[in-house]
Amino acid sequence: MLLKGMATIGFMAIALIVSTGTMTSVNTQTEAARTRSVTDTNVSTCETDVGVTQCEIDLTETSQYSDISVNGGSVLETSPSSVDRTDQTTLNNDRTKITITGLTASTSYIFDINFFGLASGVDQTTSNVMQYIPMVIIFGVLFISLLWLLSTTGVLGKV
């Protein structure tokens, strides 16, 4: 019985290692299918008022991530100077606007904004489900492995 228990634990460990090892490639393919790179170039302008050091900009579409910097997204100031403002940028809760802080008051700015939007042919509900595919695969493999092992070792009884 002890040998069966150790074999079961060993097999489950192997199943976990194999399923988590494939998660990166599955996640990469899932993200490539549900998102696409969007670039707002020289159209994202804002002007700060007297005493105001932040600016809010509407994105051309909803970002698929809650952080603009995921997968290499960025906010680059192109005018009046060339500065990477990604670290000073926050995305609002509905992911349609960004707020850039640390700006100089009474100044006009132009930004290039790179982020990930919804891929063509994929609706938002499908995209929301697709982001959990890697986790579902891991839990599915582990669940099936567990059921197989329990039935093989006789814990579930004869089938």
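Q: Which residues form a nonpolar patch on the surface?
A: This is a predicted model, in which local features need pLDDT of at least 70, side-chain atom pairs count only at pLDDT 80 or more, and totals for chains, interfaces and linings use all residues. Residues are numbered from 1 along each chain as its sequence is written, and side-chain values use heavy atoms, leaving out hydrogens and water. With about 430 Å² of accessible area together (Shrake-Rupley method, 1.4 Å probe, only the protein chains shown count as cover for residues), the members are Tyr132, Met135, Val136 and Phe139.

Q: Is Met135 buried, partly exposed or exposed?
A: Met135 sits in helix α3 (residues 133-152); helices (H or I, at least four residues) and strands (E, at least two) are DSSP runs, numbered from the N terminus. Buried means under 20% relative accessible area and exposed over 50%, with partly exposed in between (1.4 Å probe, protein chains only). Met135 comes out at 41%, so it counts as partly exposed.

Q: Which cysteine forms a disulfide with Cys46?
A: A disulfide is a pair of cysteine sulfur atoms within 2.5 Å, and by that rule the count is one. Both of its cysteines, Cys46 and Cys55, are buried. The sulfur atoms are 2.0 Å apart, and the partner of Cys46 is Cys55.

Q: What is the strand order in the open sheet of three strands?
A: Two strands pair if DSSP finds at least two bridges between them. Strands β5 and β6 (residues 97-100) have three bridges and pair in the antiparallel sense, with Thr89 opposite Ile100 in β6. The pairing in this open sheet is antiparallel, and the order is β2-β6-β5.

Q: How many of the 11 residues of strand β7 are buried?
A: Strand β7 (residues 108-118) is joined to strand β3 (residues 74-79) by five bridges, and the two run antiparallel. In that pairing, Ser74 stands opposite Asn114 in β7. Strand β7 is largely enclosed by the rest of the structure, because the number of its residues that are buried is eight.

Q: Which residue meets Arg36 in a salt bridge?
A: A salt bridge is a side-chain nitrogen of Lys or Arg within 4 Å of a carboxyl oxygen of Asp or Glu, and the whole structure has five. Here the N to O distance is 2.6 Å, and the partner of Arg36 is Glu61. This pair links distant parts of the chain, 25 residues apart: Arg36 in strand β1 (residues 35-47), and, in the loop between β2 and β3, Glu61.

Q: Which residues are linked in a network of salt bridges?
A: Start with Glu56 and Lys97, whose side chains meet at 3.6 Å, N to O. They are 41 residues apart, with Glu56 in strand β2 and Lys97 in strand β6. The network as a whole links Glu56, Asp58 and Lys97.

Q: What is the relative accessible area of Arg85?
A: Arg85 meets Glu77 in a salt bridge (2.8 Å, N to O). At 2% relative accessibility, Glu77 counts as buried. Arg85 is buried as well, with a relative accessible area of 9%.

Terms used. Patches are made of residues with over 30% relative accessible area and no salt bridge: like charges are joined within 9 Å, nonpolar side chains (Val, Leu, Ile, Met, Phe, Trp, Tyr) within 5 Å.
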